[in-house]
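This report goes through a protein model part by part. Please keep the sequence and the structure in view while you read.

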Amino acid sequence: MGVFGSGLQRLCAVVAAATAGLAARQVRRALKQTPTVELRLDWLRSDGERARFLRWLKKNAPRSAVFLATCRRKEGGGKFNGDVAGELFWLMQAREAGCGWCDVEIETLRQLPNRSVRGYAVPPKVLLSVHDFDRTPAFPRRVAMPDPGEADAVKIAAAAHTIGDSLRLLRLARHSKNFVAVPMGEAGLPARVLALREGSALAYAPVAEATAPGQIALEEMKHLYRAHQLTGRTRVYGVIGDPIGHSLSPLLHNTGFVARRIDAVFLPFLVRKLGDFLEAVPELGIRGFSVTLPHKQSIRKHLEGCDSLAEAIGAVNTVVVRRDGSLHGSNTDYVGVLRALEKKIKLAGSRVLVFGAGGAARAAAFALHRAGATVVICARREAAAQALARAAGGEAVPRRALRTEYFDAIVNATPVGMQVGMQVGMHPRAGVSPLAANELNCRVVMDLIYRPQQTQLLKIAARKGIVTVSGVEMFLAQGFAQWEVFTGQRAPEAVMRRAILRALAAKESRS
Ligand code: NAP
């Protein structure tokens with residue numbers, strides 16, 4: 001058992017609010033999830049709020065909880081405007097209010113006589129913390145613990161720019177006792193979830209929504225990622241991409257694992273260079289991963305094998321890691337398009353227009369051709385449309401032909417109409433349609449975009465009485481297929497679907 005205890009006790013809720021009232025509310029929320037709570041006293045906007053909050057804490061703090069007080073000065077990366085004497089004053093007040101631990105930065109210790117806080121009536125247990133907001137420095141094999149009288153645990157929080165950076169911090173956690181590893185930044189997020197499994201004494205998660213990249217809100221950390229329950233036996237999966245912050249795949253896959261009680265976790269990996277991730281695969285014990293932009297093509301050269309359809313499409317979105325470490329790729333995007341469209345029309349013998357000639361268009365065109373449809377491609381670059389038509393056994397039409405041609409279904413495979421903030425590059429905003437009403441001469445329109453769920457294209461189609469299919473159907477179908485490849489079990493589709501629709505609705509109502 002570590003200095004903070006075991007299991008849930010190692011999941012530390014972070015309370016950070018500007019007023020005493022908000023902080024008190026966060027403490028109540030935190031204690032519903034975990035008995036260990038860090039109080040960021042430096043976030044309170046004035047000494048008055050700090051005093052009010054600590055008075056409240058003294059009256060209301062349950063004895064069973066462990067409170068860790070932090071009043072980080074600006075010099076140490078916090079918000080507290082005062083000097084070292086001010087920091088120590090508030091830590092002493094925190095002890096009075098019932099805090100058993102305090103977090104003291106190395107910058108503070110350096111300014112004290114004997115480099116020690118022991119002469120002050122601060123909370124009895126001391127977490128000595130070191131922050132590097134710029135990079136992850138080189139580390140020795142293990143952290144040399146200070147004299148037991150000086151500190152009870154050591155924390156290193158360092159900015160991880162790569163997965164390799166965050167691994168170095170995890171290795172330190174593996175070999176050091178009473179040590180807290182905090183990889184910061186989006187590239188460090190998977191390591192933040194895995195920190196407890198690797199031996200970190202604590203993992204932090206904010207009570208309120210994450211305020212910086214790389215943080216995971218407490219509720220998600222506990223219920224979706226289950227950081228406190230992960231062990232060496234837990235199977236690790238993930239999605240790789242850049243950007244990755246918006247990905248709904250972790251929600252989809254983890255919801256499935258929780259529902260089926262599978263000891264597995266699915267993490268979002270921000271991957272700029274494939275080599276950075278691939279080197280981490282054996283060390284983290286990764287058993288499989290989803291692949292998204294911009295790696296769907298470039299991953300192929302790292303694979304030992306690839307199924308024939310993925311080979312023909314030229315893109316892989318699912319990779320399984322075999323026992324010998326070799327990587328095997330497949331493509332479930334095509335299943336996604338088929339399953340979603342098949343619910344609305346019989347594809348064999350139908351005529352389907354794919355608008356766009358990029359990666360998703362390619363998967364759609366191959367899938368439709370294999371399902372027996374006549375595939376027609378239209379793209380803003382006619383040469384790209386012709387090349388795809390040739391490869392997928394279809395035909396290309398120029399844009400001007402759309403007003404007079406009839407199709408059983410039209411599939412938008414361009415990003416036009418996607419919600420701003422979700423796009424890679426400069427794409428037009430949501431509210432714009434890639435095709436005009438008089439170009440929609442068909443029975444069914446499917447948009448591959450799923451944010452928003454009801455795109456302008458689908459609205460125009462619905463006004464014309466055309467049956468519509470949202471891209472969320474494709475996203476779900478390709479995800480279910482992927483989950484089944486990873487687990488070998490039937491996906492619990494209803495619960496996974498509910499989680500995604502709820503998250504999309506919440507995101508749309510916020511934007
Ligand atoms: P991609 O490889 O970048 O291809 C985009 C295609 O759209 C290209 O043909 C591009 O033409 C064309 N395009 C871009 N802007 C355009 C504009 N303003 N007017 C006309 N054409 C335009 O992207 P992708 O991976 O195929 O993704 C396309 C869309 O499908 C995205 O919105 C993505 O989110 C969605 N998608 C959804 C799912 C799902 O599960 N629902 C899965 C995969 C993709 P140029 O080559 O001339 O630039």
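## The sheet

Eight strands make up an open sheet, in which the pairing is parallel and the order is β7-β6-β5-β4-β3-β2-β1-β8. Strands here are DSSP runs of E with at least two residues, helices are runs of H or I with at least four residues, and both are numbered from the N terminus; two strands pair if DSSP finds at least two bridges between them. At the edges are β7 (179–184) and β8 (203–206), each of which pairs on one side only.

This is a predicted model, in which local features need pLDDT of at least 70 and side-chain atom pairs count only at pLDDT 80 or more, while totals for chains, interfaces and linings use all residues. Residues are numbered from 1 along each chain as its sequence is written, and side-chain values use heavy atoms, leaving out hydrogens and water.

## Strands β6 and β7

Strand β6 (residues 153–159) runs parallel to β7 and is joined to it by six bridges, and Ala 159 has Met 184 in β7 as its bridge partner.

## Helix α3

Helix α3 (residues 84–96) has 13 residues and spans 19 Å from its first C-alpha to its last, close to the 18 Å expected at 1.5 Å a residue, where the expected span is 1.5 Å times one less than the number of residues. Just after α3, Gly 98 takes a positive phi of about 115 degrees.

Among the buried residues of α3 are Leu 88, Trp 90 and Leu 91, where buried means under 20% relative accessible area, exposed over 50% and partly exposed in between, with a 1.4 Å probe and protein chains only.
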